[in-house]
Amino acid sequence: MGKRGRAAVVVLGDIGRSPRMQYHALSLATQASLEVDIIAYGGSDPHAALLNHPSICVHQMAQWPKFTQKLPWVLRYFVLLLKPLFQLLVLLWHLCIKVPAPDVFLVQNPPSVPTLVAVKWASWIRHSAFIVDWHNFGYTLLGLSLGRGSRFVAVYRWFEKHYGQLADGSLCVTKAMQHDLAQNWGIRATVLYDQPPDFFHPASIEEKHRLFLKLDKEFRQSEGNRDCINHGSRHMRTDEPFDTLFTNVSGVGVSEKSTRPALVVSSTSWTPDEDFGILLEAAVMYDRRVAAILNEDDSIKEEVLWDEMNDGKQNIYPRLLFVITGKGPEKEKYEQKIKNLHLKRVAFRTMWLSAEDYPLLLGSADLGVCLHTSSSGLDLPMKVVDMFGCGLPVCAASYSCIEELVKVERNGLLFSSSSELADQLLMLFKSFPNECTILTSLRNGALETRSSVAWGTEWEEHAKPLVLEVISRNCS
């Protein structure tokens, strides 16, 4: 039996938060029969399927010291120069010395600097092929913090373009990005749409119940703040220890409660290209508009309404529980804003879930919300792909190429303002849970989207031929 080929997947980021690159690694190992080395940062655990695969090895790189984030503003540009140099040296150590020489490097972009530089140099030294997987443009992300007119952004753009053009092959996530790369940078890229792997699927009632049991304590606690969800925790009956906020157990099995809140999930990186304030404003509008529709007296105390809800009183509009998953720089700022809202029918929980529990949460939810607007306007949010993989309909922020993924009134809706999102929440959750005809129609559309194309099929058709071609061309 001949020696197996080898691939190196390079991510200058947390591999646990880079699902597309995890799926690439699994496909390289299972569909292209290659040994795979992943060079990335640690932080979050990747999926168990990747960790347990005998042909995949994860190498964690040292990270830039975190204390530098607290340095004074005057030292910011010094850090901007020194940090890429540190990262370049760490990358070159791993790519040129620590891991075995691969037949092909597959690198995630962005970040572009110094990643593309390091991988190109390593490909020269080790006589390997070099493929860029374009998720977005790095210079547009840097422009969000420094401004598009910054000299640093201009230099960054030059490096990204120059070293991107030196790649032996390119993949990208949308047709819009494919056109932009060809038109402006002369780069021919193959479109590989994100598709969820098999472990993203609609959850069965038993899977929902097990997950809700696991998360019940987090749902019913909110760091001392009282709301329409944790107020009901005192109503939990001790003789029904296996009941949850959403489900109960009887002699005939598990069932969903008719008085349960609607579960809305939003996954965010807590970065400037996702305006979380839109969701908070929409939640406030939903809360106030429902109160106006029901002609509620403003003098009625919140606790009275919450007692009625927990005693089984049903209204035409349900309580909403927003579960926000993810990590990022603006998380604490928005958590403080959430604490100051004091809403009657809406509650928020922020959490980080394991790679195994996250798909179950999506498969158990009633609606997904995506706030991603793209720094370039040319990429698509992987989180929406995951939601569709679980048969979860989506309300997504509107921007130039989002309709390549979200088909309006088929598998989701698009919004351009917080008021529009609030209107959609009212429309979708009216008469929840049993008579939401529009929500049911969108869920059916999301299930159809899920069943149309799988990641393995998409990768086999578009990525595998490119990988094998560049390896063959490099060896000849």
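**Exercise 1.** Describe how helices H4 and H6 pack in this predicted model.

*Solution.* Start with the handedness: H4 and H6 cross in a left-handed sense. Next, list the residues that touch. H4 contributes Leu116, Val117, Lys120 and Trp121, and H6 contributes Phe159, Glu160, Tyr163 and Gly164. Sorted by class, the contact of H4 with H6 holds five nonpolar, one polar and two charged residues. Now take the geometry. H4 spans residues 115-126 and H6 spans residues 151-165; the angle between them is about 30° and their axes are 9 Å apart. Angles under 35 degrees count as roughly parallel, so H4 and H6 are roughly parallel to each other.

**Exercise 2.** Work out the arrangement of helices H9 and H14.

*Solution.* H9 (residues 276-293) packs against H14 (residues 418-429) at an angle of about 50°, with 8 Å between the axes. H9 is therefore oblique to H14. Their crossing is right-handed. On the H9 side the contact is made by Ile278, Leu279, Glu281, Ala282, Met285, Tyr286, Arg289, Val290 and Ile293; on the H14 side by Ser418, Ser419, Leu421, Ala422, Asp423, Leu425 and Leu426. By class, the contact of H9 with H14 has eleven nonpolar, two polar and three charged residues.

**Exercise 3.** Count the cavities of 30 Å³ or more, then describe the lining of the largest cavity.

*Solution.* The count is one cavity of 30 Å³ or more. The largest cavity holds about 160 Å³ of space. Its lining has 13 residues, and those nearest the centre are Thr259, Lys313, Gln314, Asn315 and Pro318. Split by class, the lining of the largest cavity gives five nonpolar, four polar and four charged residues.

How values were computed
Residues are numbered from 1 along each chain as its sequence is written. This is a predicted model: local features need pLDDT of at least 70, side-chain atom pairs count only at pLDDT 80 or more; totals for chains, interfaces and linings use all residues. Side-chain values use heavy atoms; hydrogens and water are left out. On a 1 Å grid over the protein atoms alone, a cavity is a set of points where a 1.4 Å probe fits but cannot get out, and a pocket is an open set with protein on both sides within 12 Å along at least five of seven lines; lining residues have an atom within 4 Å of a point. Grid points are joined across faces, edges and corners, and a volume is the space filled by probe spheres set on the points. Ala, Val, Leu, Ile, Met, Phe, Trp, Tyr, Cys and Pro count as nonpolar, Asp, Glu, Lys and Arg as charged, and the others, Gly among them, as polar. Axes are lines fitted to C-alpha atoms, for helices over the stretch in contact, and angles run from 0 to 180 degrees between N-to-C directions. Helices (H or I, at least four residues) and strands (E, at least two) are DSSP runs, numbered from the N terminus. Angles under 35 degrees count as roughly parallel, over 145 as roughly antiparallel, 65 to 115 as roughly perpendicular and the rest as oblique. A crossing is left-handed if the near helix is turned anticlockwise from the far one by less than a right angle, and right-handed if clockwise. Contact means heavy atoms within 4.5 Å.
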